[in-house]
Amino acid sequence: VDPHSSHRTMMDTCKLTLVSLMMSLLALNIEAKTITIVATKKDKFSSTSVNKGDTLVVRLPCNPTTGYSWKAQSDRGENSYLAIGDMSFERNFNPHGAVGVGGMCEFRTDVVGIGEKETIQFFYMRPWEAIQQNQSPQYELEVSIEE
């Protein structure tokens with residue numbers, strides 16, 4: 001009996017398990033997609049469908065140098081199936097280097113559950129202000145969450 005044969009068999013089993021795990025992870029990444037919604041100043045409402053595992057990117061025009069920027073919240077509050085990330089800002093191209101140039105504010109949101117429709121509400125306001133209970137959003141995105 002070869003003392004190394006059981007070691008080789010165990011190594012082969014580990015390799016097969018690792019390959020299987022890697023294939024499963026790749027399949028998950030292939031299925032997940034990124035959906036980008038770009039709103040204009042005139043837009044007040046739009047809708048989209050997503051699946052669990054997808055990433056939703058919402059881009060809104062803004063100019064933080066004016067003292068205003070976007071805040072986002074789900075109409076489901078703490079029971080949200082959407083993990084809304086922090087806002088980031090991308091300045092518009094400006095060949096002359098002027099300050100105070102506007103751009104696009106972006107929210108990356110991960111779909112972490114499966115549920116019914118959910119609405120992300122966007123408020124253009126000063127960062128130190130709190131969203132009031134009856135405050136109307138400047139933009140809303142209705143999200144249908146599927147499997």
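**Around strand S3: a quick tour**

Okay, let's start with Val143. If we skip its neighbours within four places in sequence, Val143 is in contact (heavy atoms within 4.5 Å) with Thr48, Val50, Leu56, Leu82, Glu116, Lys117, Glu118 and Ile120. Keep Leu56 in mind from that list, as we'll meet it again.

Quick housekeeping. This is a predicted model, so local features need pLDDT of at least 70 and side-chain atom pairs count only at pLDDT 80 or more, while totals for chains, interfaces and linings use all residues. Numbering runs from 1 along each chain as its sequence is written, and side-chain values use heavy atoms, with hydrogens and water left out.

Now the overall layout. Take the contacts in the chain with a separation of 6 or more: 65% of them link residues 24 or more positions apart.

How much of the chain is buried? Of its 147 residues, 30% are, where buried means under 20% relative accessible area, exposed over 50% and partly exposed in between (1.4 Å probe, protein chains only).

Let's go to strand S3, residues 55–62, where eight of eight residues are buried. You can check both faces. Thr55, Val57, Arg59 and Pro61 are buried on one side, and Leu56, Val58, Leu60 and Cys62 are buried on the other.

Who sits beside S3? Strands pair if DSSP finds at least two bridges between them. S1, residues 34–38, runs parallel to S3 and is joined to it by five bridges. S6, residues 103–111, pairs with S3 in the antiparallel sense, over eight bridges. Within that pairing, Cys62 stands opposite Gly103 of S6.

On the S1 side, look at Ile37. Its bridge partner in S3 is Val58. Is Ile37 buried or exposed? Its relative accessible area is 15%, so Ile37 counts as buried. Apart from residues up to four places away in sequence, Ile37 touches Ser46, Thr48, Leu56, Val57, Val58, Arg59, Tyr139 and Leu141.

In soluble globular proteins, nonpolar side chains tend to be buried together.

Two last residues for contrast. Ser69 is in strand S4, residues 69–74, and counts as buried because its relative accessibility is 11%. Setting aside neighbours within four places, Ser69 is in contact with Met87, Phe123, Tyr124, Met125 and Pro127.

Lys42 sits in the loop between S1 and S2 (45–51). Why does Lys42 count as exposed? Because its relative accessibility is 77%. Lys42 and Gln138 are 96 residues apart in sequence, yet 9.7 Å apart in space, C-alpha to C-alpha.

Methods:
Helix = DSSP H or I, 4+ residues; strand = E, 2+ residues; numbered from the N terminus.
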